[in-house]
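Trainee: Could you take me through one part of this model in detail, namely how its sheet is put together?

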Amino acid sequence: MADGCHDIHRQLDLSGEPLVPPLREGFQLRDPLPLLEYQDFTIQGKAYNEAYLDYWNSTGSDDGHIVDAFIMPVAPHAAVIPGKDSYGAYTEPINLLDYSAVVIPVTKAEKLIDKFDRGYKPMNEKDRKTWEAYDPETYDGAPVGLQIVGRKWDEEKIWAISKIVDTALRTAAR
């Protein structure tokens, strides 16, 4: 995106595909970032990476075993319904850290179980938008995923861990 989204648009032009509506605002063509601003963002990202690497390494301070991976939601909802995704906070930090991640389906939304809670009080504006976007009829049968996240360059390890987690979930569901 530092190039003002020009490469994204060149690739879309090659395929003839339009930019999907939920991404249009964020991927509008604009002037590329000035070099010094880009460099500053790069330095900030590197500092963030180093801080989180220090945290990750500290997980082994008690017993000498550093955490291999962690499991977290992909989103605060089941599979994205086009035009309704309004929250990327579960994936954006993983992208910033350039970590390895695998997404696995763990269940499906069920309209008779996952009812709209009219008494829920949203915590903030993003939470309100996500809550209001939920429709049990629309989401019925949509997959719900988890992501297994590991350190940078640990793709093979995360793939292996995800297969173990997926097998355990499928076995437990029987």
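**The sheet**

Mentor: Strand 1 and strand 3 pair in the antiparallel sense through five bridges, where two strands count as paired if DSSP finds at least two bridges between them, and where strands (E, at least two residues) and helices (H or I, at least four) are DSSP runs numbered from the N terminus. This is a predicted model, in which local features need pLDDT of at least 70, side-chain atom pairs count only at pLDDT 80 or more, and totals for chains, interfaces and linings use all residues. Residues are numbered from 1 along each chain as its sequence is written, and side-chain values use heavy atoms, with hydrogens and water left out.

In general, strands of a sheet pair through backbone hydrogen bonds, either parallel or antiparallel.

Taken together, the three strands make an open antiparallel sheet in the order 1-3-2, with strand 1 (69–73) and strand 2 (100–108) as the edge strands, each pairing on one side only. Neighbouring strands of this sheet are turned by 25° against each other on average, direction ignored, the axes being lines fitted to C-alpha atoms, for helices over the stretch in contact, and angles running from 0 to 180 degrees between N-to-C directions. Helix 7 (residues 155–173) lies across strand 1, strand 2 and strand 3 and runs at about 15° to strand 2, contact meaning heavy atoms within 4.5 Å.
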